Amino acid sequence: MASEEDRAHMRAALALARRGLGNTWPNPSVGCVIVRDGRVVGRGWTCPGGRPHAEAEALARAGEAARGATAYVTLEPCSHWGRTPPCCEALVRAGVHRVVVAARDPDPRVDGRGLARLREAGVIVELGLMEEEARALHAGFARRITRGLPLVTLKLATTLDGRIATAGGESRWITGEAARREAHALRARHDAVLVGSGTVLADDPELTCRIPGMARVPPARVVADERLRTPLTARLVRSARETPTWIATATGHPPPVLAPYQAAGVEILPLRRGREGLEMAALLAALAQRGITRVLAEGGAGIAAALLRAGLVDRLAWFHAPGVMGGDGLPAVRPLPLASLSAMPRFRRVAARPLGDDVLTEFEREDEQPCSPES
């Protein structure tokens with residue numbers, strides 16, 4: 001049975017892993033803490049771009065002190081060769097005596113093989129400490145591996161009555177500075193930010209994280225634009241060579257129409273049309289194929305409705321401003337529509353906190369495994 005000391009060190013490893021969220025795709029963001037004789041001798045988390053891995057970083061810091069130590073790792077150490085050697089071999093070579101792992105790696109190249117290799121080498125292996133928290137943290141990676149889709153968080157910033165703009169389209173700013181800063185932090189913890197072409201036309205957003213030093217790997221910017229309405233003068237297009245920018249659009253656009261976007265550095269993702277526009281599941285699958293594990297959908301109302309209709313929203317981050325706009329304001333979500341209450345997408349609240357005068361409430365889908373807030 002795990003001791004309180006074990007739990008404290010695994011909590012620290014999970015906190016380290018959270019530092020890398022949004023910066024390590026397509027790899028998971030893992031945390032590792034190495035302890036010898038009750039003293040932490042090495043710490044590490046997956047570096048930007050996915051390499052080096054957390055275990056390698058922690059072992060490098062521990063040096064010879066790793067011999068005979070215990071390593072706490074949030075995800076099973078990898079057992080396959082990639083651009084770097086397997087982490088399970090690195091732990092064996094370093095002489096680690098015991099490895100405590102929170103959760104198995106669902107990647108079929110690993111999935112128990114890392115644990116087996118450690119045991120074969122005589123290392124004591126314990127699995128499952130704080131597994132629920134680890135699975136929540138690594139949910140985006142696991143979803144991409146097992147379902148071919150990224151984890152989707154829908155972010156909404158509205159008045160108390162769910163409005164995002166006046167009837168004339170004015171929306172800056174519904175929420176205050178503290179809420180807007182947290183929205184930028186949300187971007188940094190996701191691999192990609194998704195908006196519709198209507199948002200681009202209305203707001204001409206940059207969709208970058210403007211908190212210095214937080215997003216070491218800028219989130220990819222994705223525009224769902226069936227009719228290719230995004231102007232070539234949009235800030236997203238003009239900065240596409242500095243920040244990955246992808247436009248998902250319907251197939252069939254002539255090459256001369258696509259060429260100026262591609263020349264600007266935009267990657268075009270051609271998708272078949274569905275009955276109500278681009279198929280959101282196909283768009284998300286295309287992102288997963290490119291390594292994206294966590295998507296932050298920022299709007300607008302059409303994207304929100306399309307994702308909710310398709311049952312593709314895993315988490316909600318809802319910013320409420322203390323104001324009421326009334327029925328002539330623009331709603332956060334377009335009609336779904338619903339034939340009955342039983343068809344309504346349902347979520348459970350996992351956290352709520354004030355941000356100045358505003359409140360951020362976090363939800364997760366009811367049929368999902370419980371998760372920790374914004375993990």
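Accessible areas here follow the Shrake-Rupley method with a 1.4 Å probe, and for residues only the protein chains shown count as cover. Under that scheme, the protein chain exposes about 16,900 Å² of accessible surface, 51% of it belonging to carbon and sulfur atoms. This is a predicted model, in which local features need pLDDT of at least 70 and side-chain atom pairs count only at pLDDT 80 or more, while totals for chains, interfaces and linings use all residues. Residues are numbered from 1 along each chain as its sequence is written, and side-chain values use heavy atoms, with hydrogens and water left out.

Begin with the whole chain in cartoon view. It has 12 helices and 18 strands, being DSSP runs (helices H or I, at least four residues; strands E, at least two) numbered from the N terminus.

Next, select Met10, Ile34, Leu59, Val96 and Val99. Within the largest nonpolar core, which has 42 residues, these touch the most other members. Such a core is a set of buried Ala, Val, Leu, Ile, Met, Phe, Trp, Tyr and Cys residues joined through side-chain atoms within 4.5 Å; buried means under 20% relative accessible area, exposed over 50%, partly exposed in between (1.4 Å probe, protein chains only). Elements that each supply at least two residues of this core include helix 1 (4-19), strand 1 (31-36) and helix 5 (131-137). Helix 1 contributes the most, with five residues.

Centre on Ile34. Beyond its neighbours within four places in sequence, its contacts (heavy atoms within 4.5 Å) include Val41, Leu59 and Ala71.

Finally, select Leu156, Ala250, Leu283 and Leu316, which are among the members of a second, separate core of 37 residues.
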